[in-house]
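Look over the sequence and the structure shown here. The report after them covers a few of their features.

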Amino acid sequence: MVKEVPPIEKTKKAIELPPTITVKRLGDLMKVSALEVIKQLMRNGIMATINQVLDFDTAAVVAADLGFEATMVASPPPVPGKEAPKLPRAAVSGEDLQTRPPVVTIMGHVDHGKTSLLDAIRQTNVTATEAGGITQHIGAYQVDVGGRKVTFLDTPGHEAFTAMRARGAQVTDIAVVVVAADDGVQPQTVEAIDHAKAAGVPIVVAINKIDKAGANPDVVKKQLSDLGVLIEEWGGDVVSVPVSAKKRIGISDLLDNILVVAEVAELKANPRQAAEGTVVEAELDKTRGPMATVLVQNGTLALGNIVAVGDTWGKIKAMFNDKGKRLKEVGPSTPAALLGLNSVPLAGDILTVVASEREARAILERRLAERQSRAVLSKKSVSLDDLFAQVSQGNIKELNIVLKTDVQGSIEPIKNSLERITTEQVRVRVIHTGTGSITESDVLLAMASKGIIIGFNSRAEPGAKRLAETEGVDIRTYDIIYNLLDNVQKALQGMLEPTYREVIEGRGKVIAIFPHAKGKIAGVLVAEGKLSRSAKVRVIRQGQVLADTTIASMRRFKDNVNEVGAGLEAGLVIEGYNDFQTEDIIEAYRKERSN
C-alpha cells in the first residue's frame, strides 16, 4: 500500500504587486519591516537600500520567501509631463573619433586549450617589473602588442558570448576559435563557429597543440573548409595561426594577426563623450559589496561618475584593472572592476553615465516598467504561427533556424531542403546544426539571432524548454521530414494551420513497483505540479522517452482519484506499458492552442 506523504509546501497568502515597487512599500504591503525585506534580498545576493526600486520578479521572490504568493497588477498610466528622461546618447563627431583596441573572445571545444591560450597570452605579455605581481580575476584583461593594446574577455565560451548578445550587448570585435591540431574539429568547435558567424564577428583560427605527436594542421584546415571556414592559404579570408599554448609557440604571431584583422575592421570610438559600456561579469564581494567588471565601449569613465547599469545605479567609488591597480579613468575598449553600485547587475547590462542620482533613479523606474510591460504584453519575436504576418509587414526578411537532429545523416538533407524554401520576400537560413537534444545554448543562439528552433527526432531538455517559454523562443519538433518542410513552407505562405504547444503539468518519480493482475503498478511520488487522469503522460528513463500514453488508473490507498498534487504518492497503471524501473520519471502534459 502506498503511504501518504504530507504536502511539501504550506498554503501561501496572496499579494498583489505592481511592476515596480520600493523596498519600504513592499514591507508595508506584507506588514513586515523594511529591514526584513533587505535581509531576504541579501540572502538572494542583492544589496539594497530602503528606497531602492525592485522589479516584480525580485519582489515576488522576496514575497515567496516570506510566505506570500505574488501576482502582478498593472501600474497606473504615467502622468503627462512626468515621463522619465531618456538615456543620454552623446553625438559622435568625426574629429573626436579615435582608433580603439579590439575586444577578443576565445572560443572552442573543451580541452582544446582555450584557458591555456589565455594564460599564455597574459604571461607572454608580462614585463619584468610586473613579474610576480598580484593579479585578480575580473573577467577581462588587456595586453600590449608593440605599443598597441588588445583586450581579451576571459569568459566561459560561446554560451556567455551568445547570452550577452541575446540581452542586446554586442561587445566582441574578433572571435578566436581554438582547434587542437591532434583532435580536429569537434561539436563545440562547430557551435563556436556558428555562434560567431551569427553575430557577424570575424574569426581568427588558432590551431593549438602543434607540438604534440599526431598533430595534423592540414586535416584541421580541411575540416574547417567543410564548415565554410576557408583560411587564407586555401584561398579564403580567414586568418589561421599555428600555436602551442603549452610551449608558448606562435603567441606573438597570433597577436599580430589579431591586430591586422582589427585594422581591417577600422574600430573607432569617441573618448571625449560620457561613457557607455557593458557589464562582462558581476558578483557580490563579501568585503567590498557589489562589484562589476565593465568594458567601456565609448567615452571615458571616471571616478565619481554617476551611472545607470541595467536595473541598478551608483556612484563610482573605485576602479581596478586585472593587476589590482587603482584607476582614475577608463577609456574605450578597456575593462575595469567597479565599486559603488547599489546592487549586483547582470552580465550584458548596459552602463551609461548620467547627470544626477535623480536621473539615474528615473531611468531605472522607466526601464523596469517598460520591461514588465513587455513581459505582460509581449508576443514571441518570431514564430511559425505569425511568420507570414511579419513578412508581409516587412518586419523580417530572413528566417534564422537552429536545426537539431537525432543523427548526423539527417542534417544535410533537411538543411538543404529548408534553404531551398527561400522566397522573394524572405530568406531561410540555417545558422546552426547539431545532433542530440535541444539545449539552453541552442535557445540562447535562437534568442540572439531572433530565430526559431526545429528538432527532428530531437527533444528539448527541461532547462531549454523553460528558457524558451520564458523568452518566447519557438521550438518545433517533428518525426517526419515532409511535415517539417511542409509546415515551414505553409508558414511562409500564410497557410499554416493553428498549432498546439505543450504544457508540462507535473512530474513524478517511480519509487516502488507492485505486481498487478494486468501487469504492474508504479508507486509514484509527485515531485512538482500534479498528475491527473485527463493528462497525457510520458515514461522517461535517463532522458529517453520509453512510452507516450495515458493513465489507465490512479489510486491513493484504496480510492480511485483523478488528481494527485506535489508531495503525495499514488499508484499508477499506465496504458500499454508496465516495464517500470525505480527512478523512472512520469511526466504529465497537455497540449493547448498557441496564440
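## The model

This is a predicted model, in which local features need pLDDT of at least 70, side-chain atom pairs count only at pLDDT 80 or more, and totals for chains, interfaces and linings use all residues. Residues are numbered from 1 along each chain as its sequence is written, and side-chain values use heavy atoms, with hydrogens and water left out.

## The barrel

Six strands form a closed barrel in the order β13-β14-β19-β17-β16-β20, with antiparallel pairing. On average, neighbouring strands of this sheet are turned by 45° against each other, direction ignored. Strands here are DSSP runs of E with at least two residues, helices are runs of H or I with at least four, and both are numbered from the N terminus. Two strands pair if DSSP finds at least two bridges between them. Strands β13 (residues 276-285) and β14 (residues 289-298) are joined by nine bridges.

## Salt bridges

The whole structure has 25 salt bridges; each is a side-chain nitrogen of Lys or Arg within 4 Å of a carboxyl oxygen of Asp or Glu. One of them links Lys 24 and Asp 28, at 3.4 Å from N to O. Both residues lie in helix α1 (residues 23-30), four residues apart.

Another joins Arg 538 to Glu 587, with the closest N and O atoms 2.7 Å apart. Arg 538 is in strand β27 and Glu 587 in strand β32, so the pair ties together parts 49 residues apart in sequence.

Definitions and conventions:
Axes are lines fitted to C-alpha atoms, for helices over the stretch in contact, and angles run from 0 to 180 degrees between N-to-C directions.
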